[in-house]
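Please find below some notes on the two-chain model, written to be read with the structure open.

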Amino acid sequence: MEHDETGVQNPDMDEPESKRVSRGKLLKVAGAAGAGIAFGGLAGTAKAWTPSSRNAVLANKKLAKGMIGGPTGFDGAERYQYGPNTAAGRAILGLKKFTNNGKKRLDLKMRMWNGATGQLSVPFPKGAPSVADQLLKEANVKLHLTAIAPTDQITKNLQTIATRDGSNQILISSIEDNGDYAEAGLARNLDAFVATHKPDWDQDFAGGKVAVAMQNQYAGSYYAVSLDGDYQVWVYRQDLFDNAKNQKDFKAKYGYDLAFPTTWQQHADIATFFTRPSEKLYGSIDLKNPYWGYCNWMMRYVSSANPNQYYFDLNAKPLINGPAGIQATKEHVASMAWTYPDTLSKGWPEEYAAMGAGNAAMASMFSNVTKFIPGNPGLDTANPKIGSFLRTEVAPGRMVGGKLIRRSIIYFNNQFVVNAFSNKALHEPAYLVLQWLSSKSIFDWFTGNPAGYMDPNHTSALNDPLVRSSYKPYACDKLKEIIPHTAPPILAIRGAREYTQALDNNLQKALTKQISPEQAMANTAAAWEKTTNRIGRAKQIAAIKANRAAWPQITG
Amino acid sequence: MEAPAGIPARQAPPKRRLPGSSAFGGRSEKGIAQVLVTPGQLLLLFLIGFPAGVAIYISFTNYTATTGYPWYDAYKGWIWFDNYWEALSSGGFWSSIWRTLLVSVLAVGIEFALGLILAFLFLREFRARGILMVVFLLPMMVVPAVTGFIFYMIFQTSGPLNAALTFIFDTVLGITGPIHIPWLSDPSIAIYSVIMADIWQWTPLMFLIFLSGLVALPEDQMNQARILGAGFWHQLRYLVLPMMKPIILIALIIRSIEVFKIFDSDWLLTRGGPGDATTTISVYLYRQINENYRYGYASAAAIIVLIMVSAFAIRAIRPIEAAQEETFEELIKPEDGGEELHIEDAIATEAQV
């Protein structure tokens with residue numbers, strides 16, 4: 001029997017592939033295939049049943065040569081299999097040390113958003129196991145998923161901090177919470193584990209090291225593991241933009257060709273052009289509501305300077321009450337003119353529904369818009385259907401010193417921390433599970449699963465056939481362009497939620513004309529100063545400086 | 001004062017010992033009662049006192065969940081009364097208090113009026129009274145979060161309320177065009193939308209309390225008043241309202257305190273917005289804790305609110321006690337204008353009987 005180079009026995013590597021099928025396995029596969037023929041429900045399998053395809057079916061149940069783990073049982077499964085010297089392989093081998101090489105079961109509890117659990121618990125694609133079952137099979141680690149509503153995340157984590165509750169080893173977090181959870185002692189510092197087990201984030205995150213710093217780090221150290229890509233993409237209806245009459249009318253009115261806007265000024269023109277309430281069509285329905293809508297102000301704000309219009313200077317002084325903040329706020333308020341009624345009380349469900357119903361020409365949304373709307377009978381409801389005409393783009397921006405600066409925003413995001421209050425002996429296995437899940441092999445596999453909303457953030461995922469089929473090829477290609485243009489939300493520093501809430505509250509007041517844009521920014525800056533002073537300016541300055549690594553530098 | 005004829009002079013009741021009281025160390029009845037009640041009182045004291053003690057302790061610190069140390073180490077950030085001064089000088093705190101008062105006064109006032117009217121309407125038998133009563137009581141049984149969601153749908157600009165108003169004022173009466181009132185997104189209107197949702201849900205409670213009060217009024221006095229020619233308003237002014245005063249006050253106090261804590265429907269309808277146009281004190285405190293993580297400040301603000309509400313409750317209870325005493329004294333006043341009986345004496349007489 002061979003041993004791989006890590007010294008761990010690999011049962012799948014000890015015989016040539018042709019001899020590795022046991023009688024039991026053969027009967028099992030043959031039985032499954034026979035059942036497919038008998039019931040006709042697996043017509044594809046039955047039709048494809050030929051002597052040559054038999055080998056393919058059997059091969060689907062095995063790991064490819066040199067692989068030590070990964071799913072089997074479906075066409076293309078080998079793409080998600082891995083060898084010992086990969087991030088996933090190192091994670092599994094590391095986990096096996098905690099389970100006596102898989103002989104002793106290890107139970108770990110993972111708190112997640114309820115809309116994401118399906119990607120780990122529902123088998124995908126047909127013939128595959130679920131991700132959680134695969135982990136149990138490979139390392140004998142049983143992952144218990146605790147589902148919570150996204151809006152309960154903060155409350156639950158605050159309760160965990162207050163009570164020092166260690167019952168869940170892995171906790172859902174958000175990009176904004178990295179700083180607070182690290183300082184609170186909730187998120188365990190992962191630097192040592194990262195150094196030992198070497199994840200593949202730097203090589204495979206679509207945004208490279210900038211994205212890793214943005215999502216996984218606080219003050220230069222690792223505290224979180226991102227399993228998501230909540231990038232705000234701009235989506236538009238290609239059928240409207242390509243319509244000959246629209247093109248002619250638009251050019252006649254504005255003097256340039258109708259195309260997705262690259263600047264906020266063009267965006268205003270196009271949104272105004274397409275706002276036709278009598279036709280139930282609105283130019284741009286990007287969110288304005290409390291809690292979620294501020295990201296659309298952020299995109300306008302951060303694109304105001306080259307490379308970025310930062311929220312704070314390096315002395316932690318707010319910059320938002322300057323001309324860039326006031327201008328962004330004025331534009332944000334003006335954008336109320338081309339969105340649908342009651343926009344201040346409408347959130348994501350309404351926006352997705354309106355987009356699918358054909359009520360909008362443009363909007364900013366999560367990257368899963370092309371995964372969830374096209375062909376979905378509950379969302380793709382326009383007559384005729386418009387889901388297949390949805391296209392995604394980089395956010396509009398501004399010309400700054402002759403350079404076009406366009407910035408998307410990433411916020412919330414399904415990212416996970418190791419609960420520092422849990423049993424210390426379980427910290428490393430908890431991290432290893434996260435490394436395994438975030439490895440390109442496993443992440444690419446479950447991202448394509450339509451049973452949840454953890455979106456691709458790996459380059460490999462964007463090239464993966466399952467993911468591309470789910471998110472649509474054009475959207476995946478565009479995401480490769482959008483991700484490097486993405487800036488962080490406020491900052492993943494301590495107090496991020498408090499800074500954000502002050503901004504959000506004042507933006508709401510400006511949107512409802514209770515205060516002027518100038519006053520909104522002045523109020524926000526004053527509130528930010530108060531927060532910074534209370535938390536400690538020196539600490540915030542250090543965190544702000546470290547966070548500069550999380551900002552994009554790209555132009556164009 | 002001497003006791004009137006037939007009424008024995010007041011004297012302290014003799015101390016009684018229960019049979020088998022030796023098992024309690026030969027304690028008196030009162031002593032045994034104290035022994036039995038003490039554990040419960042201690043538990044109650046702990047249940048009320050411990051959280052209150054923690055809140056008071058935290059309120060003197062700058063503790064937040066994210067300071068990195070447990071709550072019992074909060075003294076590391078001891079700042080004395082800073083949180084209290086900050087709350088008392090905060091525009092956000094006071095505006096949320098005033099907003100809550102506005103909601104309380106309007107909502108409770110309208111619920112009171114509607115509840116009383118409904119109670120009078122349902123006092124007499126009429127066809128389908130039972131079914132209608134169930135229908136009117138239903139909103140009270142709806143979970144407040146569901147109420148929030150129901151009214152969120154109703155208050156949409158393109159929702160049923162505007163459609164109904166359009167039908168009445170545009171289609172039928174022809175005096176307006178289509179009506180598009182932004183019930184939830186106009187800061188000057190949103191607070192009234194929250195109030196309307198509260199009125200819909202809690203008027204039935206007022207109705208139920210008042211109806212039970214009206215039913216319990218002494219029939220002979222009401223009949224007597226009617227025979228003597230008292231009209232509805234006279235009966236209401238001189239009989240019904242005075243006799244129902246304690247019930248009315250209790251209903252008003254309960255509802256005022258409840259409305260002061262309004263959260264669910266407010267949060268679901270507007271999240272306290274637009275801006276902070278519907279931020280009541282509960283929403284304000286929730287935001288301080290769950291969005292700003294400011295446990296110390298939120299505790300201080302909550303204690304200030306507790307003091308305010310307690311002061312209101314104590315002040316509000318006095319009229320109830322007074323009303324009870326008045327009612328009782330009315331009952332025991334001699335009809336021939338003789339010497340008044342004291343309440344204590346009356347109680348003693350009643351005990352004798």
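This is a predicted model: local features need pLDDT of at least 70, side-chain atom pairs count only at pLDDT 80 or more; totals for chains, interfaces and linings use all residues.

The numbered points below go through domains, sheet, helices, chain contact and backbone details.

1. Domains of chain A. Domain 1 of chain A puts 26 residues into the contact, and domain 2 of chain A puts in 24 residues.

2. The domain 1 side of that contact. In chain A, H8, helix H11 (208-216), helix H22 (465-471) and helix H23 (473-482) each provide at least two residues of the side of domain 1 that touches domain 2. H23(A) gives the most, with six residues. By class, this side of domain 1 of chain A holds 13 nonpolar, five polar and eight charged residues.

3. Sheet in chain A. Four strands of chain A make an open sheet, in the order E8-E9-E7-E10, with mixed pairing. Strand E8 (282-284) and strand E10 (390-393) of chain A are at the edges and have a single partner strand each, so one side of each lacks a neighbour in the sheet. From one strand to the next, the twist averages 35°.

4. Pairing and cover of the sheet. Strand E7 (residues 232-237) of chain A and E10(A) run antiparallel and are joined by four bridges. Within this pairing, Tyr236(A) is opposite Arg391(A) of E10(A). Helix H14 (residues 264-274) of chain A lies across E8 and strand E9 (360-366) of chain A, and its direction is at about 165° to E8(A).

5. Hairpin in chain A. Strand E11 (residues 397-400) and strand E12 (residues 403-406) of chain A are antiparallel partners over four bridges. Met399(A) has Leu404(A) of E12(A) opposite. Two residues lie between the strands of this hairpin, and Gly401(A) has a positive phi near 55°.

6. Domains of chain B. Chain B is assigned domain 1 (34-80) and domain 2 (91-299). The centres of these two domains of chain B, taken over C-alpha atoms, are separated by 35 Å. The contact draws nine residues from domain 1 of chain B and five residues from domain 2 of chain B. On the side of domain 1 of chain B that touches domain 2 of chain B, four residues are nonpolar, five are polar and no residues are charged.

7. Helix packing in chain B. How do H3(B) and H9(B) lie to each other, and why? Helix H3 (residues 91-121) and helix H9 (residues 232-260) of chain B pack at an angle of about 140°, with axes 9 Å apart. Angles over 145 degrees would count as roughly antiparallel; H3(B) and H9(B) are therefore oblique to each other. Their crossing is right-handed.

8. Residues of that packing. H3(B) makes the contact through Thr100(B), Val103(B), Ser104(B), Ala107(B), Val108(B), Glu111(B) and Phe112(B), and H9(B) through Leu252(B), Arg255(B), Ser256(B), Val259(B) and Phe260(B). By class, the contact residues of H3(B) with H9(B) are seven nonpolar, three polar and two charged.

9. Contact between the chains. Chain A contributes 27 residues and chain B contributes 26 residues. Helix H7 (153-163), helix H8 (178-183) and helix H24 (496-511) of chain A each supply at least two residues of the side of chain A that touches chain B. H24(A) has the largest share of that side, seven residues. The side of chain A that touches chain B comprises 10 nonpolar, eight polar and nine charged residues.

10. Cis peptide bonds. Phe124(A) and Pro125(A) are joined by a cis peptide bond with omega of about -10°. Pro125(A) is in the loop between helix H5 (118-121) and helix H6 (131-139) of chain A. In chain B, a cis peptide bond joins Gly273(B) and Pro274(B), with omega of about 0°. Pro274(B) is in the loop between helix H10 (264-270) and helix H11 (281-290) of chain B.

11. Lys198(A), a residue other than glycine, has a positive phi near 50°. Lys198(A) is placed in the loop between helix H9 (191-197) and helix H10 (201-204) of chain A.

Terms used. Residues are numbered from 1 along each chain as its sequence is written. Chains are lettered from A and ligands numbered from 1 in the order in which they are written. Axes are lines fitted to C-alpha atoms, for helices over the stretch in contact, and angles run from 0 to 180 degrees between N-to-C directions. Angles under 35 degrees count as roughly parallel, over 145 as roughly antiparallel, 65 to 115 as roughly perpendicular and the rest as oblique. A crossing is left-handed if the near helix is turned anticlockwise from the far one by less than a right angle, and right-handed if clockwise. Two residues are in contact if their C-beta atoms, placed from the backbone, lie within 7 Å. Ala, Val, Leu, Ile, Met, Phe, Trp, Tyr, Cys and Pro count as nonpolar, Asp, Glu, Lys and Arg as charged, and the others, Gly among them, as polar. Two strands pair if DSSP finds at least two bridges between them. Domain bounds come from an automatic or database domain assignment.
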